[in-house]
Amino acid sequence: MSEHPATIGTVNDLEAVEQLQRAYEQIVEQLGRVIVGQRQVSDELLIALFARGHCLLEGVPGLAKTLMIRTLAECLSLRFSRIQFTPDLMPADITGTELIQEDKLSGTRELRFFKGPIFANVVLADEINRTPPKTQAALLEAMQEHQVTVGGKKYVLDEPFFVMATQNPIEQEGTYPLPEAQLDRFMFKTFIDYPDEEEELEIIHRTTADVEVKITPVLDAAQIVALQRIVRRVPVAEHLSRYALRLVRLSRPQHEQAPDFVRQYVAWGAGPRASQYIILAAKARALLRGRHHVSQDDINVVAYPVLRHRILTNFNAEAEGIKPDRIISRLIEFVARSEENSWLGGKLAKILGSPESR
């Protein structure tokens, strides 16, 4: 019988939590030197990173997606690699390939593996929907197992390993939408929107002046790996785990207790990986804000980026312009209300007593 993992409680753990909160504030400040606005996007990137997940970023061109992830890598003193996905990109262009090398002294030849751009700590998969499924699938093993297999040999990737993929929501001609199985590998799907007027004016001032911004590293790879372990030791109350579980299970129209709006607008709901990611992301969010426990608000906030690419809407939703985020909002409201009614009903029963006792 396996034991539960240790929860936060030692002096070293508490110091690590304080270190993570300080690092979070410093990273946000460093990102703010380069990136104007987009606070929610940077928050979700950091939550995914410290929860040991990956992020799919969707937004139109020119919103500094590449600059944001490169700056984040500099803040964390991590090796950064960018892969520009194109229709002619092959799996070996990502993972690396074996080439024949000749020893000039002995004249012998041998196969030698040359590592591809996937061998980095932070990998930007730019416009991932522009390459065929065979090449998209080259990321699957790396994202899930943190290793690649070439020529029957396994090569372990350095930790931490974080993939941020981008896709353009406008140009869909000649693209290859990610299949659901690969979408499920991403912890978050994050939307990046246009800046407001004042932010866009600030962008103009910064990018048209002769100013060079210096980024100071905040954490190194070893510190990030240690903090990722701390995240998994954050305690979660049983009723909050069940709350997250109900959010996921009631997103499935086949579930007997699914609300009417889910049955009406959803073709397929979220799978079991969604509830795992909600809890992990909620733990990371709690620590980034200096708390040693998960709250219901943490779960509600991370439910959107976790569920929006796992809820597949049907033709009714498309016809009425209903997006997954709207369904998630109604789902949170429905589950929260049912949980509150259940709690109040239990308290009332304890106060009044059972019929047999009266």
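Student: How many bridges join strand β1 to β9?

Tutor: This is a predicted model, in which local features need pLDDT of at least 70 and side-chain atom pairs count only at pLDDT 80 or more, while totals for chains, interfaces and linings use all residues. Residues are numbered from 1 along each chain as its sequence is written, and side-chain values use heavy atoms, with hydrogens and water left out. Helices (H or I, at least four residues) and strands (E, at least two) are DSSP runs, numbered from the N terminus, and two strands pair if DSSP finds at least two bridges between them. Strand β1 covers residues 55–58 and runs parallel to β9, and the bridges that join them number four.

Student: In what order do the five strands of the open sheet lie?

Tutor: The pairing in this sheet is parallel. Its edge strands, each pairing on one side only, are β2 (80–84) and β9 (188–191). Neighbouring strands are turned by 20° against each other on average, direction ignored; here axes are lines fitted to C-alpha atoms, for helices over the stretch in contact, and angles run from 0 to 180 degrees between N-to-C directions. The order is β2-β5-β8-β1-β9.

Student: Is Lys189 buried or exposed?

Tutor: Lys189 is found in strand β9, where Leu56 stands opposite it. Beyond its neighbours within four places in sequence, Lys189 is in contact (heavy atoms within 4.5 Å) with Leu56, Glu58, Gln167, Pro305, Arg308 and His309. Buried means under 20% relative accessible area, exposed over 50%, and partly exposed in between, with a 1.4 Å probe and protein chains only. Since the relative accessibility of Lys189 is 14%, this residue counts as buried.

Student: Why are the buried residues of α6 on the same side of the helix, and what arc do they cover?

Tutor: The buried residues of helix α6 (residues 138–145) are Ala138, Leu139, Ala142 and Met143. The arc is that of the directions from the helix axis to the C-beta atoms. They are on the same side of α6 because the arc they cover around the axis is only 105°.

Student: Against which elements do these buried residues of α6 pack?

Tutor: Among the elements are three helices and strands listed here by type: the helices α4 (91–95), α5 (133–136) and α7 (180–183). The strands are β5 (122–126), β6 (147–150) and β8 (162–167).

Student: How many residues apart in sequence are the parts that the pair of Phe113 and Tyr155 ties together?

Tutor: Rings of Phe, Tyr and Trp (its six-membered ring) pair if their centres lie within 6.5 Å; planes under 30 degrees apart count as stacked, over 60 as edge-to-face and the rest as tilted. Phe113 and Tyr155 are stacked, at 4.1 Å centre to centre and 20° between the planes. Both Phe113 and Tyr155 are buried. Phe113 lies in strand β4 (residues 109–115) and Tyr155 in strand β7 (residues 153–156), so the parts tied together are apart by 42 residues.

Student: What is the angle between the planes of Phe261 and Phe334?

Tutor: Phe261 is in helix α11 (residues 260–265) and Phe334 in helix α15 (residues 324–352), 73 residues apart. Phe261 is buried at 8% relative accessible area, whereas Phe334 is partly exposed at 24%. The pair is edge-to-face, with 6.4 Å centre to centre and an angle between the planes of 80°.
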